[in-house]
Amino acid sequence: MPTTVTTTPYGAAAYNALRRAVHEAKAGDPLQLVTVVVPSERIGVAARRALARGDHEHPAGIAAISIMTLRRVAETRSARALLAEGRRPLTGPALADAVRRRLTNDPGPFEPVADHIGTVRALADAHRTLKPYRDDVLDALGDDEVVAATVAVHRALEADLRTSTYDETDLLRRAAEHGGGDEPVVVLLPQDLDPPEVALLEALSTTVDLRILLGITGHDDADAGPLAVARALGHDVHPDGEAVPTAARVLHASDPDDEVRAVVRRVVDDLATHKGHRIAVLHASSDPYARLLHEHLARADITFFGRGIRPAVESAYGRTVMRLLALPEHDFARTEVLAVVAGGPVRHGDRHAPSSAWERVSRAAGVTRGAAWSRLETFARHTRAKAANERQREGARDWLIARHERDSETADDLRAFVEGLQSSLAAIDAATTWADATSAVRRLLELLADDLPPEDATAARRVDATLTAAATGTTPPSRRRVVELLELELDAVLDRVGTIGIGVHVGPVSEGVGDDVDRVYILGAAEGLLPPRTADDPLLPDRARERTNGALPTTRERTARQHRHVLAALAAAPREGRTMSFPRGDLRRGGERVPSRWLLPTLRVLGRDRGLQATKWREIGRRLESSSSYPAALLAAHTPASAQEWRQVAAVAGTLEGDETIARAHRLRRGRASDQFTLYDGNLVGEDVPDPTASDRLSPTALEEWVRCPHAYFQFRLLGVGPVEEPEEVVQISAMERGFVLHDVWDKLVNAALDEGWAPGPGEPWPPRAADRIEALAESAFAEVVERGVTGARLLWEQDQRTLMRDLTTWLTKDDERRLRLDEAVPIGAEYAFGEGATPAIGIALGDGRELRLRGKIDRVDRRRDGGLAVTDYKTGRADSYKTITPEDPTDHGQRLQLPVYALAAREQYGEGPVHSEYWFTSLKGGFTPVGYDVTDDVLDETRRVLRVIVDSIRDGVFLARPPKSSFWGCAWCAPDGLSTEHVREVWGRKQSGAEQLRVMLGEGS
């Protein structure tokens, strides 16, 4: 049968040639079946539209026209015969299993890396590359050790899989052997075909009327690409001097981000006069252009279609599956488990797993990893006990009971979830066959939701298909191999975005081949991006490929193919509709870029300089379009691309009205820049701030927090916001936890001595049994903090235990000395709590008719010989910052309120009389130093004055951030990022004039 080869430019001319060829093939019979072979489904949609439109010479119509790819032609003609032989399609898992089996039996030079997934992937890719070629090509590759071993693996795989599976190459070969069909075939714009594809065309040429439409660019190589296809079919084609296509405009921008924004603005302008499917935006390199284009087009609300930007393994579902399977490698680390829950479609019961509640509870329980998950059981038990204790109190707080019960239930749910994870993953590890392993994986994935968004639903189907294919594997399974297999399959293919032919076409330059559009943009036309830098194939390097006389393309030949794609993509639009762009630099990698060598023909045409070099492009800068910067380009744009850009332009022009967000931002900036104490600095005058005198839940410590930093008080006490301490970051037991341990032991010791009747009398030392009791109490306290997971590294904890024991035992003799100093005082109470349960809060008259009710807990109360009281508050740090306390300034400007308040509470409980209050620094580090005073009427009057200022300031909404005295010390509230607080110090200095209460209160003003 005759074979007709016709050359045509790309773009509209190619589809005119298609209409003509189909019209001729039908020979006047509209019902004559014609098969149109296209390079891809996308070009198939374009061909269908072109035929449906028709033109003035050829009537519109797609009746009796079948449009498919060459490989689909092969499938329709040969798949049934291969299936009848008992062969099944070769899946990725089956190929990977065969490669592993071959590496196990005979690894050869791959032995050092035979168990690595990269080796499996590389050999599988090499097998696919070599499969279309016959033995003479394989023999020509040479006998280099790695090359020869790669060919040997390929041949072994082919022998192993020949009788049980088939792939696209097998379909093409079988279709070529059987020929078949008699309807005319039109081949539209064939590109680089491999030998089986050429063989099928040769077979068709012997039985059907075959018409081939070759696209030409003016820079075609007779030994490659479309012209090589014609030569293989016996046709030497010599195109008539077609001019190399060039662009009408060149745009340059500061970096790829600005380049994409500039192009999207031009697309917005184009959409005013052109339909979306008549515009193509193509990029030279997927990184970073694919992601940037998808983001900015979506932001501009422009419908588009094309290749996706991320494989299934990077979808939320894919990431969750991979993270689930990797949990044992991380010893079920809390951060990893919660990342799985928070980042993926994980179910708990009939709802999404409560990641926030689980994170909070696991952190409070001190969970880190592995066996530490058992701490959830301890946490649940303790919180239930707290709920029970609260329920027994007079005036029990229902909200607190509910919170404790909710936390205990959350801890139980999380523990059950993690135990289920551990069980499911253990089942995968225990599997001895791939069928068992894949079944165990499916049971694990029952944790994931079914109602998934489209991207995740696609990933879920691929996971399911991979597991189905892997179930027949014959190599020993393992969880690691399951992970590697899923990575291979989920990372192999990018999903498509949108519907082909609906909206703007977005994709790599290679996908511009066969487009017929009015506007085409090619981005990233800079050296290093177009053409991209490519590495040599380590298994089939160029030195081996060169021996095949062009059968296997070298890096240079693949680069030439990319150049043809660029020219074909440019030709998809008329010259006035072509734009190429390049970035002048790259903020991600640094450095300056120059235009691509493939952009030079356009630059020389625009600059009217045939000798122009790429490095001299600025000499013709006035003939190019420039995006000098984001603000300048945006203000010069005819049409902003997105709602954000419209608002930015309007804001600059002063026409942005009614936008409260922008208005508030301006007020915030002005307020913070002024010397006035404003709403944006913490001035909440007129707001509904809780009055401290209306509550009985405040403590002296809480009021001290306001003095140290009003802003911190506002965030922590009123908003409930505070710094988060991660259990994983605990290296050593904290000072606070050390204090809890010491307080707990001493309080229990004193109360036990009082209850059991062996407390020391006036002038008496602690009896010997006290040392034994301290040791027992310490062991119990140490076990409790270990169980809560707050002790940090084991070696450091062992050292800390020794330090704590020294402080605990030294305390006995130091307490004997203290009691002698305090007029041979004797203990009468420890850990006395007021404002808790049946014990009322202490009421303090402020001297203006108001009363402030405070709660607290006194560490120790002793009775002196004169009947007076000694009130002690244990401190386990150093005394340095407390030495400014004097009887004249007993509260240190409001920073130390416990001593006078505790004195009043002790009088209320233990009777009137003189009271001596002191902080006692009960550690060797603190030197067991006392700092205190006798609580006189003058002390109480000064305390009332300070309390009035604090209460009034809180009620009036004074919450200015007060930085630490030295910028060396961080502040989690003033500088949440953990950096310097110097900027807060500058604001504090400027704003105090507007916060006179603070200055007077803190002794920093008159």
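## Basis

The model is predicted, so local features need pLDDT of at least 70 and side-chain atom pairs count only at pLDDT 80 or more, while totals for chains, interfaces and linings use all residues. Residues are numbered from 1 along each chain as its sequence is written, and side-chain values use heavy atoms, without hydrogens and water.

## Helix α15

Helix α15 spans residues 355-364. Helices are DSSP runs of H or I, at least four residues, and strands are runs of E, at least two, numbered from the N terminus. The buried residues of α15 are W358, V361 and S362 (buried: under 20% relative accessible area; exposed: over 50%; 1.4 Å probe, protein chains only). Seen down the axis of α15, these buried residues fall within an arc of 100°, so they line one face of the helix. The arc is taken from the directions from helix axis to C-beta atoms.

The face turned away from the buried side carries exposed S356 and A364. The cover over the buried residues of α15 includes α14 (334-343), β11 (347-348), α16 (375-392) and α17 (398-430). Just after α15, G366 takes a positive phi of about 75°.

## Helices α4 and α20

The axes of α4 (residues 92-105) and α20 (residues 479-490) come within 10 Å and cross at roughly 130°. Axes are lines fitted to C-alpha atoms, for helices over the stretch in contact, with angles from 0 to 180 degrees between N-to-C directions. α4 and α20 are therefore oblique to each other (under 35 degrees is roughly parallel, over 145 roughly antiparallel, 65 to 115 roughly perpendicular, the rest oblique).

In α4, G92, P93, A96 and R100 meet R481, E484, L485, L488 and E489 of α20; contact means heavy atoms within 4.5 Å. By class, this contact has four nonpolar, one polar and four charged residues (nonpolar: Ala, Val, Leu, Ile, Met, Phe, Trp, Tyr, Cys and Pro; charged: Asp, Glu, Lys and Arg; polar: the others, Gly among them).

## Helices α29 and α30

The axes of α29 (residues 735-756) and α30 (residues 769-788) come within 9 Å and cross at roughly 140°. α29 and α30 are therefore oblique to each other. Among the contact residues are V741, V745 and L749 in α29, and I774, L777 and F782 in α30. The contact divides into 11 nonpolar, no polar and seven charged residues.

## Residue A830

A830 is found in strand β18 (residues 826-834). A830 is buried, with a relative accessible area of 10%. A830 and V750 are 80 residues apart in sequence, yet 6.3 Å apart in space, C-alpha to C-alpha. Not counting residues up to four places away in sequence, A830 touches D747, V750, N751, I858, D859 and R860.
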